[in-house]
Amino acid sequence: MTEANSFDIIIIGTGPAGLTAALYGQRLGLRCVVFGDIPGGNLYMVDNLANFPGFPDGIPGTEWGVKTFQQAQTEGAMFTMGRLESLEQDGNTFFGTDVNGIRYSAPCAIVASGRVPRKLPVTQSEMKGVNFCSVCDGPLFRGKNATLAVVGSDNAAAQHALTLSRIAEKVLVIYRSAQMIMDASHRERLAGQDSIDLMPETEVTGYVGLDLVEALEIVASSGDAETLSVDGVFLAIGWEPNTDMVKMPVETIDGGYLKTDEKLMTSIPGMFAAGDVRDTDLYQVLTGCADGARCALNADRFIKDVHS
Ligand SMILES: Cc1cc2nc3c(=O)[nH]c(=O)nc-3n(C[C@H](O)[C@H](O)[C@H](O)COP(=O)(O)OP(=O)(O)OC[C@H]3O[C@@H](n4cnc5c(N)ncnc54)[C@H](O)[C@@H]3O)c2cc1C
């Protein structure tokens with residue numbers, strides 16, 4: 001391995017958590033290498049980031065992502081603009097290998113790789129017409145008198161339904177439970193939309209179509225099965241943390257989120273976790289940023305304590 005590939009921190013993810021870790025790490029005098037291909041991470045799905053302090057009119061998620069990326073870059077962080085294939089440890093040193101087989105080393109690693117929406121456990125779960133982001137993919141159905149299904153029963157499902165109700169002729173919200181679990185404001189807004197139909201106690205058991213979803217196979221709690229014609233489906237049925245690149249045994253909580261201590265360190269000394277990938281209680285940009293900053297500070301202390 002050449003000296004050029006040796007850094008102080010390997011950061012995985014260019015979302016709010018990874019970018020802030022890079023910004024703080026560099027300002028602490030640490031040399032950070034950052035892996036990831038989308039500046040802003042999941043913020044590309046956020047039409048208008050309206051709850052981040054300092055932006056009273058909100059800011060498009062992509063704009064916030066690009067600006068924060070530029071800020072970390074100005075501080076000197078090295079962005080590979082590619083994904084990390086594997087993170088391993090040999091002795092006290094972490095080794096990261098990117099998709100081109102190039103290796104990087106560092107005494108600390110910060111996993112800030114976020115999470116991805118869960119898919120339905122059906123055959124052909126990745127069929128065309130199955131979407132996860134109404135803001136990004138909803139406009140594809142504009143002007144088509146579309147019937148769209150939203151699967152899920154929480155705030156995310158409500159947000160999808162409300163966004164799609166401005167585009168589609170009809171939005172069907174399908175969920176297994178008897179009630180939707182969401183904020184009162186979402187509940188009120190859903191109730192006020194004639195174009196949204198709620199379908200409680202109903203399970204989607206399959207997609208119908210060749211390449212493209214044309215209908216859903218559904219089963220009601222009574223056992224009655226039906227095929228429902230739709231033009232597209234939007235899923236809001238939970239998330240899975242992105243931890244595949246960690247090739248070492250590490251403690252996780254239910255759902256696979258990385259378990260962290262009060263310093264945001266995982267069960268592997270020197271490996272920290274920030275943002276949506278860890279066992280947090282709030283999955284937001286603000287908390288991701290706070291985690292990233294704290295991880296950088298704690299990585300700095302770890303390096304001083306353990307490696308000097
Ligand atoms: C539709 C939607 C609306 C939202 N609205 C809001 C809102 O209004 N306000 C708010 O505060 N939050 C909102 N959120 C949540 C917010 O986007 C997340 O909490 C935040 O992006 C988490 O930041 P993160 O850095 O932890 O992870 P992410 O933003 O998910 O970034 C992690 C990045 O790491 C990448 N990655 C994964 N594996 C690897 C690998 N092996 N190598 C390199 N990179 C990898 C991922 O592809 C991703 O780009 C919303 C989310 C969604 C989906």
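Domain bounds here come from an automatic or database domain assignment. On that basis the chain has domain 1 (3-117 + 239-307) and domain 2 (130-235), and their C-alpha centres lie 33 Å apart.

Welcome to a predicted model, in which local features need pLDDT of at least 70, side-chain atom pairs count only at pLDDT 80 or more, and totals for chains, interfaces and linings use all residues. Residues are numbered from 1 along each chain as its sequence is written.

Let us turn to the sheet. Helices (H or I, at least four residues) and strands (E, at least two) are DSSP runs, numbered from the N terminus. Five strands form an open sheet in the order 3-2-1-7-18, with parallel pairing; two strands pair if DSSP finds at least two bridges between them. Strand 3 and strand 18 are at the edges with a single partner strand each, so one side of each has no neighbour in the sheet. Strand 1 and strand 7 pair over four bridges, and Ile 12 has Val 111 in strand 7 as its bridge partner.

| Strand | Residues |
|---|---|
| Strand 1 | 9-12 |
| Strand 7 | 108-111 |
| Strand 3 | 78-79 |
| Strand 18 | 271-273 |

Next come the helices. Helix 1 and helix 6 pack at about 35°, their axes 7 Å apart; axes are lines fitted to C-alpha atoms, for helices over the stretch in contact, and angles run from 0 to 180 degrees between N-to-C directions.

Finally, the ligand: helix 1 (16-27) and helix 6 (285-307) each give at least two residues to its shell. A residue counts as near if its C-beta atom, placed from the backbone, lies within 6 Å. Of the 33 residues around the ligand, Gly 13, Gly 15, Gly 41, Gly 114 and Gly 275 come nearest.
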